[in-house]
Amino acid sequence: KMRSLAPGIKLITSFSRDSWYRFFILILTFVFYTTYHLSRKPISIIKSQLHRNCSNVIHPADLNITDNDTWCDWAPFDQNNYQNLFGVLDNCFLVAYAIGMFFSGMFGERLPLRYYLSSGMILSGLFTVLFGLGFYWQIHSLWYYCLVQALNGLVQTTGWPAVVACVGNWFGKGKRGFIMGIWNSHTSVGNILGSLIAGVYVSSAWGLSFIVPGIIIASAGVICFLFLVEKPEDVNCTLPQHHKRSDRTVTVAFSCCQDRSKYHNVTIAKCAVFMLQGVVEFSLCLLFAKLVSYTFLYWLPLYIANVAHFDPKKAGDLSTLFDVGGIVGGILAGLISDYSGGRATTCCAMLIIAAPMLFLYNKIGQNGLPTTIGMLLWCGALVNGPYALITTAVSADLGTHECLRGNSRALSTVTAIIDGTGSIGAAVGPLLAGLISPTGWNNVFYMLISADVLACLLLSRLVYKEVRGWCGYTTRQRG
């Protein structure tokens, strides 16, 4: 009589070796990109500590105070132009990130992903720690903080193209939207954890708000060096099916590269990428979607504090709800687009609903706590849903498209082009918000709503094609 297996072991053996490896890679890349965002977030939490109203702070007896209002501020952020200086700090990071993203894809294609990712994470940890050490070394030069932010922005670009290329190698096309939707919550999880970790140390020693996340991302870099598997064939796993003839999930029946053999073994030429018509439209759409998303990321705590009159800590905690909504939105967008086969249509529909939602949030969003919470979750879901879908599922679909067969490295270039264009929006949004907010928050919201509408219009050609496809017209494939 055969003894029955223990239930735990039954569960473990019911999954194939391939499934375990895939699961392992998904968890690893999730953790890696979470740490990227976790080390990016402290700056928005620290701002309220670097410049605050010192007249309420009890000062030590041995300190001779000349200025009652600013004695406890951190120079150079103790002057009246402190908001401009914070804007400069944000932009040092974001502009370096946007520029770096266009080159990052090219390096990602030529270097082994494991070395590329782990060195990026360790360097990012170093620069994050250096920012925090400014507190202990008593550094009061704006140039130091700007330089560290810009260098950090450059090395942070290693994360996204490498991580997406790795996941693209391991997973097929079937349920990609849903898997990527769940996996893409790393952005929001990182933001939430970053806010909470920074919040622990912000009032006692703000240097630690950077040093702790810096140590976390550097440690993740070491783990990456020890454990990352780039491709299924490296450990004798079966390859995923990238393209089934019948499937409609590639958004457009792309005009294929006219001469396939020419591109077959070359590192993908930029022109070949742009021949995949969808790349340009999705990139520009992402520019406007990210503009909205990042404006919220950097200015929401301040907006809540100003308009709803919450204290900075409560405003910071409330602003994480926007990210919680973002997680739900990303998963929903993935599910809907997997089911319908319409990536562009899903993005467009969510953006159309988002515009009136933003208007409502500005008008009634501060009527009591329940309204604030509800509106934040809704806005987060509708703004981040399309943004999550474009950056993951669409980049991965385009990058593993049939035209580029035999060139999986193309994925990191496509991802970098789409995300690099998006990062321009990420840099412009917070900058515009800083310039517009003195004229009133209403105008900031009108700016966000216009960006939303523009994102929609950019997708109209692709939506038209998808709808025609559902009505039974097929697009002739050339090439």
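Predicted model: local features only at pLDDT ≥ 70, side-chain atom pairs only at ≥ 80, totals over all residues.
Q: Why is Cys348 said to be in no disulfide?
A: The nearest cysteine sulfur is that of Cys456, and it is 3.9 Å away.

Q: What makes Cys348 and Cys237 buried?
A: Cys348 has a relative accessibility of 11%, and Cys237 has a relative accessible area of 8%. Buried means under 20%, so both cysteines qualify.

Q: Why is Leu147 called exposed?
A: Leu147, in helix H6, comes out at 53% relative accessibility. The label exposed is for values over 50%, so Leu147 gets it. As for its surroundings, the C-alpha atom of Leu147 is 7.6 Å from that of Cys92, although the two residues are 55 apart along the chain.

Q: Asn236: buried or exposed, and why?
A: Exposed, because its relative accessibility is 67% and the cut-off is over 50%. Asn236 lies in the loop between H10 and helix H11 (260-263).

Q: Where is Pro76, and what kind of peptide bond leads from Ala75 to Pro76?
A: Pro76 is in the loop between H3 and H4. The bond from Ala75 is cis, with omega near 5°.

Q: Why is the pair of Trp74 and Trp206 called edge-to-face?
A: A pair of aromatic rings is described by the distance of the centres and the angle of the planes. For Trp74 and Trp206 the centres are 5.2 Å apart, within the 6.5 Å limit, so they pair. Their planes stand at 90°, which is over 60, so the pair is edge-to-face.

Q: Which parts does this Trp74 and Trp206 pair tie together?
A: Trp74 sits in the loop between H3 and helix H4 (82-110), and Trp206 in helix H10 (residues 206-227), so the pair links parts that are 132 residues apart in sequence. Both tryptophans are buried. They also belong to one aromatic cluster, whose members include Phe77, Tyr144 and Phe210. In total, the structure has 26 aromatic pairs.

Q: What makes the charged end of Arg114 sit over the ring of Phe225?
A: The distance to the ring centre is 5.0 Å. The cut-off is within 6 Å, plus an angle within 35 degrees of the ring normal, and this contact counts as a charge over a ring.

Q: How many cavities of 30 Å³ or more are there, and how much space lies in the largest cavity?
A: Eight cavities reach that volume, and the largest one holds about 260 Å³. Of its 26 lining residues, those closest to the centre are His37, Asn184, Thr187, Ser188 and Tyr387. Helix H14 (312-340) is among the elements that give two or more residues to this lining, and H14 gives the most, with five. By class, the lining has nine nonpolar, 13 polar and four charged residues.

Notes. Residues numbered from 1 in each chain as written. Heavy atoms only, no water. 1 Å grid on protein atoms, 1.4 Å probe; cavity = no way out; pocket = protein on both sides within 12 Å on 5 of 7 lines; lining within 4 Å. Points joined across faces, edges and corners; volume = space filled by probe spheres on them. Helix = DSSP H or I, 4+ residues; strand = E, 2+ residues; numbered from the N terminus. Nonpolar A, V, L, I, M, F, W, Y, C, P; charged D, E, K, R; others polar. Phe/Tyr/Trp six-rings, centres within 6.5 Å; stacked < 30°, edge-to-face > 60°. Buried < 20%, exposed > 50% of the residue type's maximum accessible area, 1.4 Å probe, protein only. Disulfide = S-S within 2.5 Å.
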